[in-house]
Amino acid sequence: MREEIIVSGRNNPLIDPQLHIWHWEIPLYLFLGGLAAGVLFFAALYTIRNRENDYRTAVKIAPFVAPVALVIGLLALFLDLHHKLYFWRLYTTIRLDSPMSWGAWTLMLVTPLSMLWCALHIKELFPKWDWKFDIIKDVLAFFEKNKKVLAWIMLISSAILGIYTGILFSAFNARPLWNTSILGPLFLASGLSAGSAITIWLSKDHAEKKRFAQLDLMIIGVELFLIIHMFMGFLASTQVQIEAANLFLGGAYTAPFWIFVVILGMIVPAILEILELRKFKIPVVIPVVLVLFGSLMLRFIIAYAGQASRWLY
Amino acid sequence: MRYAMAIDTKKCVGCSDCVVACQTENDVPIGYCRDWVVEVMDGTYPQLEMEIRSERCNHCKNSPCVRCCPTGASHYNEGGIVLVEKDKCIGCSACITSCPYDARFVHPEGYVDKCTFCLHRVKKGMKPACVSVCPTKCMYFGDLDDPRSEVSMILKKRKWKTLIPEAGTKPQLYFLI
């Protein structure tokens, strides 16, 4: 039998025998960033389309999740840095080639934007809220007047945030599993799905719940389509990408990926949502939690499996 | 100017002297290495062939690590040598995941560290520590733009390969085969 044995004298911590430099912080942030992007996207979309009163939760309540998610996500990103005190270096330069630079600047825009959006709608949550200072009231009145412009900026920047969470991975050609541009739209879709799930959960209005259940179903369909295409692309590609796909098609990550992400995170909630739309009584929390869980697991599994896939030489 | 290194896999015996020299010269923390030895055994017993390679950062012309660095800490220095400026490095590890050769690591002090082709020695007209210490003289270092440099001459004479050229990184470590 022909055999090839490779012995390497390198044993650098976190690199060998298998790369494991990114732990829970990165996938958690990618999930929270995607969730925030999803929530903000719908809020902006329905503001632009003048449907604020039809989809009150999506526009005025659900966005409150975004700044919380983003701040926790940013904290996770900060914890991931090894040279923490130099983090400000991110903001002394703009590097168009680097997805991480794009991400840092997008977050710099989206985080305050999401806080501003919440400030505009704070009376929805706390009817007796008073800003006390006139200057704050004046500033908010200005943005209230130009809300459409604000919504457009938020729509575009949240889409960039949602796509960027996938591009961050797909820009690394050294990890064949990540090196597919489908990750951008897939992570965006996953974020939108999580965002609509949160809206379904928070909404008390039947028509709005129904609308977002339909939206979520559609997005889950798109996700399944993208996943199938991802594997088709891998299997028709080079040996390293075939091996990367095999991590999910019989390899170490097969069970977690298909069970947690595809079945529990997409197919089961999709079936429950269909049943709900057909007037079966199903506690809404079940599909919502499953969608959120699936979205989180997708990030974790892609992050970990990607680090296990590599070029062999 | 384009610095490059050629390593003769037919002469290398895998003694790891280059590894120790590098660790000593560059004060590499214990448990880490900037260069390392790989042995590949290939064939059907008893017809076996062994290739021994002293590997390190490939100082690629199209470096994914330089491209993905969000702060510009990873950069091309003199002669195309890829370096990390530690005061700009935030330790985000993007460059580590981007390197198909896994040539980088996180220094215990937090910044990302890697082979520098011993630029500090090269500037003084010396060879990199690994090259100068090799007991079988299997490593050649020099300027590829100079047709009469040691490395240009040997690459003209001998057959060579680079590692994972299909990754598109244009590596500048040449292995003589």
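These exercises work through a predicted model with chains A and B.

Residues are numbered from 1 along each chain as its sequence is written, with chains lettered from A and ligands numbered from 1 in the order in which they are written. Local features need pLDDT of at least 70 and side-chain atom pairs count only at pLDDT 80 or more, while totals for chains, interfaces and linings use all residues.

**Exercise 1. Annotated spans in chain A**

Task: State which residues of chain A the UniProt annotation "transmembrane region" covers, then describe residues 26–49 and 182–203.

Solution:
- Start with the record. The unreviewed UniProt entry places the annotation on residues 26–49, 61–82, 102–122, 149–170, 182–203, 215–235, 255–272 and 284–305 of chain A. Positions follow the numbering used here, feature names are shortened, and annotations may be inferred rather than shown by experiment.
- Take residues 26–49 of chain A. The span is 96% helix and 0% strand, and its end C-alpha atoms lie 34 Å apart.
- Take residues 182–203 of chain A. Here the end C-alpha atoms are 31 Å apart, with 91% helix and 0% strand.
- Helices (H or I, at least four residues) and strands (E, at least two) are DSSP runs, numbered from the N terminus.

**Exercise 2. The side of chain B that touches chain A**

Task: Work out which element of chain B gives the most to the side that touches chain A, and how the residues of that side divide.

Solution:
- Count contacts (C-beta atoms, placed from the backbone, within 7 Å). 42 residues of chain B are in contact with 38 residues of chain A.
- List the elements. Strand 2 (35–44), helix 2 (64–68), helix 3 (94–98) and strand 6 (105–106) of chain B each supply at least two residues of this side.
- Pick the main contributor. Strand 2 of chain B gives the most, with 9 residues.
- Sort the residues of this side: 25 are nonpolar, 12 polar and 5 charged. Nonpolar means Ala, Val, Leu, Ile, Met, Phe, Trp, Tyr, Cys and Pro; charged means Asp, Glu, Lys and Arg; the others, Gly among them, are polar.
- Check the pairing (at least two DSSP bridges between two strands). Strand 1 (residues 3–8) of chain A and strand 2 of chain B pair antiparallel over 6 bridges. One bridge sets A:Ile6 against B:Val40.

**Exercise 3. Backbone exceptions**

Task: Locate the cis peptide bond at A:Pro17 and the one at B:Pro46. Then decide whether B:Ser93 is buried or exposed.

Solution:
- The bond from A:Asp16 to A:Pro17 is cis, with omega near 0°. A:Pro17 lies in the loop between strand 1 and helix 1 (25–48) of chain A.
- B:Tyr45 and B:Pro46 are also joined by a cis bond, omega about 0°. B:Pro46 sits in the loop between strand 2 and strand 3 (47–56) of chain B.
- B:Ser93 is not a glycine, yet its phi is positive, about 70°.
- Apply the burial cut-offs: 20 or more other C-beta atoms within 10 Å is buried, 12 or fewer is exposed, and in between is partly exposed, with C-beta atoms placed from the backbone. B:Ser93 has 21, so B:Ser93 is buried.
- B:Ile164 also has a positive phi, about 40°. With 16 other C-beta atoms within 10 Å, B:Ile164 is partly exposed.

**Exercise 4. A sheet in chain B**

Task: Give the strand order of the open sheet of 4 strands in chain B and name its edge strands.

Solution:
- The order is 8-1-10-9, with mixed pairing.
- Strand 8 (139–143) and strand 9 of chain B are the edges, each pairing on one side only.
- Strand 1 (residues 3–8) and strand 10 of chain B run parallel, joined by 4 bridges. B:Asp8 stands opposite B:Leu176 in strand 10.

Key. Contact = placed C-beta atoms within 7 Å.
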